[in-house]
Amino acid sequence: MPKLLKPLEWIENCIAVVSLTTVSIIIFGQVVSRYGFNYTPIWSEELSRFLIVWSIFIGVSIGVRNNQHIGVDAIIRFLPHRLKVAAEVLLNLIGIVVLGVLVYTSIEFIRHTMEFEQLSPAMRIPMYIPYIAMPVGLSLSIIHFIHNIIKLFTIPDEAEKAISKSEHL
């Protein structure tokens, strides 16, 4: 399974790096053009916003992959090892269900957006293009939640690492 996920991880990392780098360049260029030339490209703010949305949803997936999603472990940390593993599995399953509902809802939203042919104000691109970030990023998160569950059962050392690495508050 890790060999299958390596290309996916590489793509996620590339999207995150490229989108955040592009946003930095666009915003820097916008500031220079505004204060240096008294001109602001109308598309720069909108493109930056869309790229930030993409980086957020891809970042959620990277966080789930690294088991760094937020949780509360006030009770979990006092449980015996087996119950800790069971709790981690349960939390991952809850994550899968919640994200599954969000993916379904976002796909329905995109379908309606496509039906009404909504365009972005400045760049005039179809609005479903930036909205696709939500089902893509959350679907990737679901894949990582499933992989986290598989690791808990198949790799004994990974169970302890996952539990100790988890970013619960």
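**Notebook: a nonpolar patch and the salt bridges**

I began with the surface of this predicted model, where I found a nonpolar patch of about 390 Å² made by Leu-90, Leu-91, Ile-94, Val-98 and Leu-102. I then looked up one of these residues, Leu-91, and placed it in helix α3, which covers residues 81–115. Leu-91 has a relative accessible area of 30% and is partly exposed.

Next I turned to the charged side chains and counted four salt bridges, of which I followed up several, including the pair Lys-6 and Glu-9, whose closest N and O atoms are 3.7 Å apart. Both residues belong to helix α1 (residues 2–37), where a spacing of three residues puts them about one turn of the helix apart. I noted that Lys-6, at 53% relative accessibility, is exposed, whereas Glu-9, with a relative accessible area of 17%, is buried because the limit for that class is under 20%.

I then checked Glu-12 and Arg-65, whose side chains form a salt bridge at 2.7 Å, N to O. This pair links distant parts of the chain, since Glu-12 sits in helix α1 and Arg-65 in helix α2 (residues 42–65), 53 residues apart. I recorded both Glu-12 and Arg-65 as buried.

Within helix α2 I looked up Arg-49 and Glu-45, which are four residues apart and so separated by about one helical turn; their salt bridge has its closest N and O atoms 2.8 Å apart.

Definitions and conventions:
Residues are numbered from 1 along each chain as its sequence is written. This is a predicted model: local features need pLDDT of at least 70, side-chain atom pairs count only at pLDDT 80 or more; totals for chains, interfaces and linings use all residues. Side-chain values use heavy atoms; hydrogens and water are left out. Patches are made of residues with over 30% relative accessible area and no salt bridge: like charges are joined within 9 Å, nonpolar side chains (Val, Leu, Ile, Met, Phe, Trp, Tyr) within 5 Å. Accessible areas come from the Shrake-Rupley method with a 1.4 Å probe; for residues, only the protein chains shown count as cover. Helices (H or I, at least four residues) and strands (E, at least two) are DSSP runs, numbered from the N terminus. Buried means under 20% relative accessible area, exposed over 50%, partly exposed in between (1.4 Å probe, protein chains only).
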